[in-house]
Amino acid sequence: MAQNKVQIRNRRATFDYEILEKYIAGIQLSGTEIKSIRGGHASLPDSFCYFNNGELWVKGMKVQEYFYGTFNNHAPERERKLLLHKKELYKLERKTKESGLTIVPLLLFISDNGYAKLEIALARGKKEYDKRETLKEKDARRDMDRVKKHF
């Protein structure tokens, strides 16, 4: 059986945030959402996670409607519940109450057993000068790789 290697990244997250801790969470999906994700029709550009009544939710994750879906197709931008252990939820909720920490989705993928998983991270927002420093490091690495290829 061929493995479906769906990996949808949130490239903006690593640019805007300093990643502190990473977690893998399940996603509570309905109906045709998993088929659309398996087709690679999802995006995480402006998504973020928040707590509501002790449960973790992701908002802003777009999953396009399934092409072959009928009248019971899903809503593309609905909020989806994330599934974590109670200890992890409690720890994350406690840390997000500290100033400057947030939870951002990094990667949406299909696990080996066929479930959709979301890699989330506890992160701190970068300042403007941190972003410039990140770009300088990236350019320096690119230049060094170019020099290595010529020799």
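**View 1. Strands β8 and β9 form a hairpin.**
Nine bridges join β8 to β9, and the two strands run antiparallel. Strands here are DSSP runs of E with at least two residues, helices are DSSP runs of H or I with at least four, and both are numbered from the N terminus. Two strands pair if DSSP finds at least two bridges between them. This is a predicted model, in which local features need pLDDT of at least 70, side-chain atom pairs count only at pLDDT 80 or more, and totals for chains, interfaces and linings use all residues. Residues are numbered from 1 along each chain as its sequence is written, and side-chain values use heavy atoms, with hydrogens and water left out.
Five residues sit between the strands of the hairpin. There, Gly 114 takes a positive phi near 95 degrees.
How many of the ten residues of β8 are buried? Nine are, so β8 is largely enclosed by the rest of the structure. Buried means under 20% relative accessible area, exposed means over 50%, and partly exposed lies in between (1.4 Å probe, protein chains only).
β8 also pairs with β1 (residues 7-9), over three bridges in the antiparallel sense. Arg 9 stands opposite Leu 107 in β8.

**View 2. Strand β7 has a covered face and an uncovered face.**
Arg 80 and Leu 82 make up the covered face of β7. Lys 81 and Leu 83 make up the uncovered one. In a regular strand the side chains alternate between the two faces of the sheet.
Which strands pair with β7? β2 is joined to β7 by two bridges, running antiparallel. Gly 26 stands opposite Leu 83 in β7. β5 is joined to β7 by three bridges, also running antiparallel. Trp 57 stands opposite Lys 81 in β7.

**View 3. The largest nonpolar core has 27 residues.**
A nonpolar core is a set of buried Ala, Val, Leu, Ile, Met, Phe, Trp, Tyr and Cys residues joined through side-chain atoms within 4.5 Å. The residues with the most contacts inside this core are Leu 56, Leu 82, Leu 92, Leu 108, Leu 118 and Ile 120. Several elements give two or more residues to the core: β2, α2 (33-38), β4, β5, α3 (86-96), β8 (101-110) and β9 (116-125).
Look at Leu 92. Leaving aside neighbours within four places in sequence, Leu 92 is in contact with Tyr 23, Phe 51, Leu 56, Leu 84, Ile 103, Ile 120 and Leu 122. Contact means heavy atoms within 4.5 Å.
A second, separate core has five residues, including Ala 13, Leu 106, Ala 121 and Ala 123.

**View 4. The largest pocket has a volume of about 320 Å³.**
A pocket is an open set of points on a 1 Å grid over the protein atoms alone, where a 1.4 Å probe fits, with protein on both sides within 12 Å along at least five of seven lines. The volume is the space filled by probe spheres set on the points, and grid points are joined across faces, edges and corners.
Of the 14 lining residues, the closest to the centre are Asn 10, Arg 11, Thr 14, Phe 15 and Lys 138. Lining residues have an atom within 4 Å of a point.
Which element supplies the largest share of the lining? α4 does, with five residues. α1 (11-16), β2 (17-27) and α4 (128-150) each supply at least two.
The lining divides into four nonpolar, three polar and seven charged residues. Asp, Glu, Lys and Arg count as charged; Ala, Val, Leu, Ile, Met, Phe, Trp, Tyr, Cys and Pro count as nonpolar; the others, Gly among them, count as polar.

**View 5. Asn 53 has a positive phi.**
Asn 53 lies in the loop between β4 (48-52) and β5 (55-59). Its phi is near 55 degrees. Most residues other than glycine have a negative phi. Is Asn 53 buried or exposed? At 75% relative accessibility, Asn 53 counts as exposed.

**View 6. Ser 43 lies in strand β3 (residues 42-43).**
Ser 43 is partly exposed, with a relative accessible area of 27%. Not counting residues up to four places away in sequence, Ser 43 touches Ile 8, Gly 60, Met 61 and Lys 62.
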